[in-house]
Amino acid sequence: MVDYSELHDPNAEYTMRELSAETMGVTRERGGGRDVEITDVQTTMVDGNFPWTLVRVYTDAGVAGTGEAYWGAGVPELIERMKPFLLGENPLDIDRLYEHLIQKMSGEGSVEGVTVTAISGIEVALHDLAGKILDLPAYQLLGGKYRDEVRVYCDCHTEAEADPEACADEAERVVEELGYDALKFDLDVPSGLEKDRANRHLRSGEIRHKVEIVEAVTERVKDRADVAFDCHWTFSGGSAKRLAEKLEPYDVWWLEDPVPPENLDVQEEVTKSTTTPITVGENRYRVTELRRLIEDGAVDIVAPDLPKVGGMRETRKIADVANQYYVPVAMHNVASPIATVAAAHVGAAVPNSLAVEYHSYELGWWEDLVEEDVIVDGSIEVPEEPGLGVTLDRDAVAKHLVDGEELFDPV
């Protein structure tokens, strides 16, 4: 097996912007139990409805922090690659360590993509760890809180996903039986009228079918719930405009990712063409990428994915930029309870937080991964315990490991 921590990279070894504590001269004693060093970084992958990569940062104080990176191949190897850059560092220097990793991994793609995702998982773990060392909840490290509870929107599915009435039935069930007042359904579902899915064009009959789904769901739940609809970057600019226009008479919370994410000019055209609120953000990385979306008016609601976009502080930075343009933040989230609670801490700490997504209501053991209750009556009560405020259940994690994966060490 390759030892990724030993890979040779001249960019990392000779960078002139070396931000390690040794190079920066950050050597002064801190006192008060804050002289702590990182001793190890480990990952464990859980086989949920997504393959969640959990990250644990260990210290010589016998305290460890747990984080999570967005799912995807190569993330554990990248985290192993970065471990030497963290050993011996003080985990309380979260911002410097984040920038240190971005700089060290610049030759390996830390502008965007899976490298940023890997750094995100470490960054979340550092917040959990710092909170435990300082005896503070993570939201306090982000500036305090605006709210005690963060609203959750439930990503809904049904076996008959293309049947408007089946979607409406599921919407009513989730509202009445599960207690959610915020929902999302997929709208890029087969209508049976497709001729060529590769060209991104929506025929008139396909648009009528999507309008029927929106009408059935929104009319069924009425004022009992807000409902968003996800398009997963599927349609052409022209088709997205036609669809958004047809949805204007309905109570659509937002239409998500109607066009591919690469061309921001097309995204801006679509958003400005309609009164249907448009939400974008999960496929952009770091505040530098999402800033243009916000500043150009290419998004009505911004949707960063915290364990993918750069972590907790980076999500806070995105929310700060969005707040200057009076844009709400609805955090995309397909994570385990770890990153979900991390998103709730950020949601508590920023004024323009709208909601945090929950994508695992069909997975019966999602909440078993931690000892605490996470989502109650459609919201997350932001923990007051140190760090993230949730404790991994090692037995539950071990039960659901990806085949061939090993559980990280106990604290």
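Helix H5 (114–134) is the biggest contributor to the lining of the second largest cavity, giving four residues. A cavity here is a set of points on a 1 Å grid over the protein atoms alone where a 1.4 Å probe fits but cannot get out, and lining residues have an atom within 4 Å of a point. Helices are DSSP runs of H or I with at least four residues, strands are E runs of at least two, and both are numbered from the N terminus. Helix H4 (94–104) also supplies at least two residues of this lining. By class that gives six nonpolar, no polar and one charged, where Ala, Val, Leu, Ile, Met, Phe, Trp, Tyr, Cys and Pro count as nonpolar, Asp, Glu, Lys and Arg as charged, and the others, Gly among them, as polar. The volume comes to about 30 Å³, taken as the space filled by probe spheres set on the points, with points joined across faces, edges and corners.

Keep in mind that this is a predicted model, in which local features need pLDDT of at least 70 and side-chain atom pairs count only at pLDDT 80 or more, while totals for chains, interfaces and linings use all residues. Residues are numbered from 1 along each chain as its sequence is written, and side-chain values use heavy atoms, with hydrogens and water left out.

How many cavities of 30 Å³ or more does a search of the whole structure find? There are two. The largest cavity holds about 60 Å³ of space, and its lining is made of Cys156, His157, Thr158, Glu161, Cys167, Phe185, Asp186 and Val189. Those split into four nonpolar, two polar and two charged residues.

Next come the pockets, which are open sets with protein on both sides within 12 Å along at least five of seven lines. The largest pocket has a volume of about 560 Å³. Its lining counts 22 residues, with Met1, Thr43, Pro76, Glu80 and Glu405 lying nearest the centre. Strand E1 (38–47) and helix H3 (75–86) each bring at least two residues to that lining, which divides into ten nonpolar, four polar and eight charged.

Ser20 sits in the loop between helix H1 (10–14) and helix H2 (21–24). Its relative accessibility is 10%, so Ser20 counts as buried. Beyond its neighbours within four places in sequence, Ser20 is in contact (heavy atoms within 4.5 Å) with Glu89, Arg96 and His100.

Zooming out, the protein has 15 helices and 13 strands, and 58% of its 411 residues are buried. Its C-alpha trace spans about 65 × 45 × 45 Å along the principal axes.

How values were computed:
Buried means under 20% relative accessible area, exposed over 50%, partly exposed in between (1.4 Å probe, protein chains only).
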